[in-house]
Amino acid sequence: MRRRMHCVAPGRARRGPALLLCLACLLLPAPALAECPAHELRVNGADGRLLVSLPMPEGAGWCLAWNHSVEGFAVHDCYRNVGGHMVLERSHLPDFAAGLDHIPGRGRQVSDGQGGYWIEDLDEPVPGDRYRLRVGAMRVDHRLVRYGEPSLRALLERSRTRGCRIDERLLAEDGPVVISLSELAANEGVTIGLYTNP
């Protein structure tokens, strides 16, 4: 969007430089009072419908959490917007249950101090900045949760304050924002992706 500027240049001697100044101002983009994030995290259903949209500026993160199908404890895969790309940074595994173990050479395993462990320094870019997920039933409860600061609530509130488009339903309740994909699309395939806003 370009600024409109009215130029008033008294006298002929100043008209040339004033006119050049006005033209230069018209060519510069107006500073945004508050910019909306350049990226958003989207979850699309198998039919392409938009299920979830979250503002996700550079450096912000989120985790996909779910309950282990046998043991029932929560597992987390945590991602971040790094230069406009979805990057898997770390995973939390509360136990060495079926299917949960560290693959040597892929990050480093550290204790969480409670019997589980983190796999740190994964730093794996997600190909194409999106992936498909078969969403589990409610006992598995695939869900999007916060990853450090800013929280998902803070990202939504900040975007709302700036006049950006958000899904107001996500702020309907107090407390942390937790988005259950299982409530939205249990037993369906979805695509989770980081997209550049138009």
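## Two disulfides

A disulfide here is a pair of cysteine sulfur atoms within 2.5 Å. By that rule, this predicted model has 2 disulfides. Let's take them one at a time.

Start with cysteine 63 and cysteine 78, whose sulfur atoms sit 2.1 Å apart. Cysteine 63 belongs to strand 3 (residues 61-67) and cysteine 78 to strand 4 (residues 74-82), so this pair ties together parts that are 15 residues apart in sequence. The angle about the S-S bond is 100 degrees, and the link is right-handed. How buried are these two cysteines? Buried means under 20% relative accessible area. Cysteine 63 has a relative accessible area of 2%, so it counts as buried, and cysteine 78, with 1%, is buried as well.

## The other cysteine pair

Now for cysteine 36 and cysteine 164, which form a disulfide with their sulfur atoms 2.0 Å apart. This pair links distant parts of the chain, 128 residues apart. Cysteine 36 is in the loop between helix 1 (12-27) and strand 1 (39-45), while cysteine 164 is in the loop between helix 2 and strand 11 (179-180).

Cysteine 36 is partly exposed, at 39% relative accessibility. Cysteine 164 is buried, with a relative accessible area of 11%.

## Two aspartates with positive phi

Next, have a look at the backbone of two aspartates. Aspartate 129 has a phi near 60 degrees, which is a positive value in a residue other than glycine. You'll find aspartate 129 in the loop between strand 8 (124-125) and strand 9 (130-134). Its relative accessible area is 14%, so aspartate 129 counts as buried.

Aspartate 141 also has a positive phi, near 50 degrees, and is likewise a residue other than glycine. Where does aspartate 141 sit? Look in the loop between strand 9 and strand 10. Aspartate 141 is buried, with a relative accessible area of 14%.

Proline 150 is in the loop between strand 10 (143-146) and helix 2 (152-161).

Conventions
Residues numbered from 1 in each chain as written. Predicted model: local features only at pLDDT ≥ 70, side-chain atom pairs only at ≥ 80, totals over all residues. Heavy atoms only, no water. Helix = DSSP H or I, 4+ residues; strand = E, 2+ residues; numbered from the N terminus. Buried < 20%, exposed > 50% of the residue type's maximum accessible area, 1.4 Å probe, protein only.
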